[in-house]
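Please keep the structure in view while reading.

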Amino acid sequence: MDKKRILVTGGTGYIGSHTTVELINAGYSVVIIDNLSNSNIEVLDGIEAITGVRPDFVEGDCRDIETLRRLFADYPDVVGIINFAASKAVGESVEKPLLYYRNNINTLVNLLDLMPENKVKGIVFSSSCTVYGEPDENPVTEQSPIKPATSPYGNTKQICEEIIRDVIAAGAPFSAIILRYFNPVGAHPSALIGELPNGVPQNLVPYLTQTAIGIRKQLSVFGDDYDTPDGSCIRDFIDVVDLARAHVQAVARMVEGRNLNPVETFNLGTGRGVSVLELINTFEQATGVKVPYVIASRRAGDIVKVWADPTYANTVLGWKATTPLADTMAAAWKWQKALAEKK
Ligand code: NAD
Ligand code: WQD
């Protein structure tokens, strides 16, 4: 039987590349579209080295509907889409809101527009725990209140979720699964693919690994006087390979018609809150490498604590995060060292 084809937008990016590996391992064929605005073509070599298969690749921009039309004409067998393509830097979105609204929203609208005529059965959308803002209670379930967005980036995730619900409510002939990621971290254990942060990393783990290897002098811990056990902020750090596997479950569910509702929403996290200081400690224990850090002032706009209740994904999607945080930190470190060797 022919393999089922999945279109992965943003497939050379961080989460997209790991998901492409898991899709290929699960027996799908993949076509990626990426404009390489935040990734590198060499990622395809990494995917091929891990899986033995080079996914088809279209260099193109999802904001351009004609590019997508041509892609569907060339690949009429696409049965499902996973839409990773988006701009994702929170700070940049405050400076350049229109870039974010145009990129993140037009990409989704174009895909939704073309799905019916191309008989695509379902779309998986990358949302974020950012939609919960500072939660009143932890862990957060999918029913926890959505809080007003604090950045244009966060707003695009809320708007995109609403667009999906509206289009399905209007009777679109396809299904959608919204995945709300908590804090994706780590890399493939082979160190053949991983995160490629652009410039000075804003996120904790790439800053930490760059500090451990000596690119940055020290890590600043943004606040140790919060109302948490050790005073630092708490997050739900989810291993990127675990996260990638959830996408395979999600897309399979729709393609095989096993979804319970035309739109389903799942939290993807471990269910465990880990503080910034605990994470540094876990990294040091796992790698034997000391991370020079200082306590700095609080970062404006930071959420104090948020972690997922992943019960719905565990029971209904049949997915569970299994990688211990120490293994995730070891993989992040192995990837950082591999990156250093490439230079
Ligand atoms: P990433 O930047 O590594 O990957 C996104 C990819 O999309 C990049 O390769 C980029 O070149 C590509 N791209 C962007 N705009 C495009 C366009 N118009 N046309 C074609 N390609 C385009 O980001 P990531 O961390 O892999 O995130 C993937 C998705 O998950 C994004 O939607 C992001 O908002 C969401 N998300 C990420 C996180 C996180 O912390 N990494 C958390 C929650 C949600
Ligand atoms: C985690 C913790 C920092 C860097 C962001 C986006 C969110 C989502 C994931 C996409 C915080 C602390 C960080 C540093 C530090 N993305 N920290 N020193 O803020 O949870 O979420 O990425 O949807 O939308 O806002 O992730 O990795 O930036 O920070 O102390 O140098 O680490 O204060 O408590 P965050 P992060």
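**Helix packing and loop residues**

Q: At what angle do the axes of helix H1 (residues 14-25) and helix H2 (residues 43-51) cross, and are the two helices roughly parallel or roughly perpendicular to each other?
A: In this predicted model, the axes of H1 and H2 come within 10 Å and cross at roughly 30°. Angles under 35 degrees count as roughly parallel, and H1 and H2 are therefore roughly parallel to each other.

Q: Which residues make the contact of H1 with H2, and how many of them are nonpolar, polar and charged?
A: The crossing of H1 and H2 is right-handed. On the side of H1 the contact is made by Ser17, Thr20, Val21, Ile24 and Asn25, and on the side of H2 by Val43, Ile47, Ile50 and Thr51. Sorted by class, the contact of H1 with H2 has 5 nonpolar, 4 polar and no charged residues.

Q: Is serine 17 buried or exposed, and which residues does serine 17 touch beyond four places in sequence?
A: Serine 17 has its place in helix H1. Buried means under 20% relative accessible area, and at 1% relative accessibility serine 17 therefore counts as buried. Not counting residues up to four places away in sequence, serine 17 touches Gly11, Thr12, Val43, Ile47 and Ile193.

Q: Where does proline 55 lie, and which residues does proline 55 touch beyond four places in sequence?
A: Proline 55 lies in the loop between H2 and strand E3 (56-59), and with a relative accessible area of 6% this proline is buried. Leaving out residues up to four places away in sequence, proline 55 touches Thr20, Ile24, Val30, Ile32, Leu44 and Ile47.

Q: What distance separates the C-alpha atoms of proline 55 and serine 93?
A: Along the chain, proline 55 and serine 93 are 38 residues apart.

Q: How does the reach of helix H6 (residues 152-169) compare with the value expected at 1.5 Å a residue?
A: Helix H6 has 18 residues, for which a span of 26 Å is expected at 1.5 Å a residue. From the first C-alpha of H6 to the last, the reach is close to that value, at 25 Å.

Q: Which residues of H6 are buried, and what covers them?
A: The buried residues of H6 are Pro152, Tyr153, Gly154, Thr156, Lys157, Gln158, Cys160, Glu161, Ile163, Ile164 and Ile168. Their cover includes helix H4 (90-95), helix H5 (97-114), strand E5 (122-128), strand E6 (175-181) and strand E11 (263-268).

Q: Which residue just after H6 takes a positive phi?
A: The backbone just after H6 takes a positive phi of about 95°. The residue with this value is glycine 171.

Q: Are helix H9 (residues 276-287) and helix H11 (residues 325-342) roughly parallel or roughly perpendicular, and how many nonpolar residues does their contact have?
A: H9 and H11 pack at an angle of about 70°, with their axes 8 Å apart, which makes H9 roughly perpendicular to H11. In their contact, Leu279, Thr282, Phe283, Ala286 and Thr287 of H9 meet Leu325, Ala326, Met329, Ala330 and Trp333 of H11. By class, the contact of H9 with H11 has no charged residues, 2 polar and 8 nonpolar.

Q: Which residues are joined by a cis peptide bond?
A: The bond has an omega of about -5°, and its proline is found in the loop between E5 and H6. The cis peptide bond joins asparagine 138 and proline 139.

Q: Is lysine 119 buried or exposed?
A: Lysine 119 lies in the loop between H5 and E5, and has a positive phi of about 55° although it is not a glycine. Exposed means over 50% relative accessible area, so lysine 119, at 67% relative accessibility, counts as exposed.

Q: Is alanine 191 buried or exposed?
A: Alanine 191, a residue other than glycine, has a positive phi near 60°. Its place is in the loop between strand E7 (183-185) and helix H7 (204-212). At 9% relative accessibility, alanine 191 counts as buried.

Q: Which residues are in contact with aspartate 230 beyond four places in sequence?
A: Aspartate 230 is found in the loop between strand E8 (219-222) and strand E9 (234-235), and is partly exposed, with a relative accessible area of 31%. Leaving aside neighbours within four places in sequence, aspartate 230 is in contact with Asp224, Ser275, Leu277 and Glu278.

Definitions and conventions
Residues are numbered from 1 along each chain as its sequence is written. Chains are lettered from A and ligands numbered from 1 in the order in which they are written. This is a predicted model: local features need pLDDT of at least 70, side-chain atom pairs count only at pLDDT 80 or more; totals for chains, interfaces and linings use all residues. Side-chain values use heavy atoms; hydrogens and water are left out. Helices (H or I, at least four residues) and strands (E, at least two) are DSSP runs, numbered from the N terminus. The expected span of a helix is 1.5 Å times one less than its number of residues. Buried means under 20% relative accessible area, exposed over 50%, partly exposed in between (1.4 Å probe, protein chains only). Contact means heavy atoms within 4.5 Å. Axes are lines fitted to C-alpha atoms, for helices over the stretch in contact, and angles run from 0 to 180 degrees between N-to-C directions. Angles under 35 degrees count as roughly parallel, over 145 as roughly antiparallel, 65 to 115 as roughly perpendicular and the rest as oblique. A crossing is left-handed if the near helix is turned anticlockwise from the far one by less than a right angle, and right-handed if clockwise. Ala, Val, Leu, Ile, Met, Phe, Trp, Tyr, Cys and Pro count as nonpolar, Asp, Glu, Lys and Arg as charged, and the others, Gly among them, as polar.
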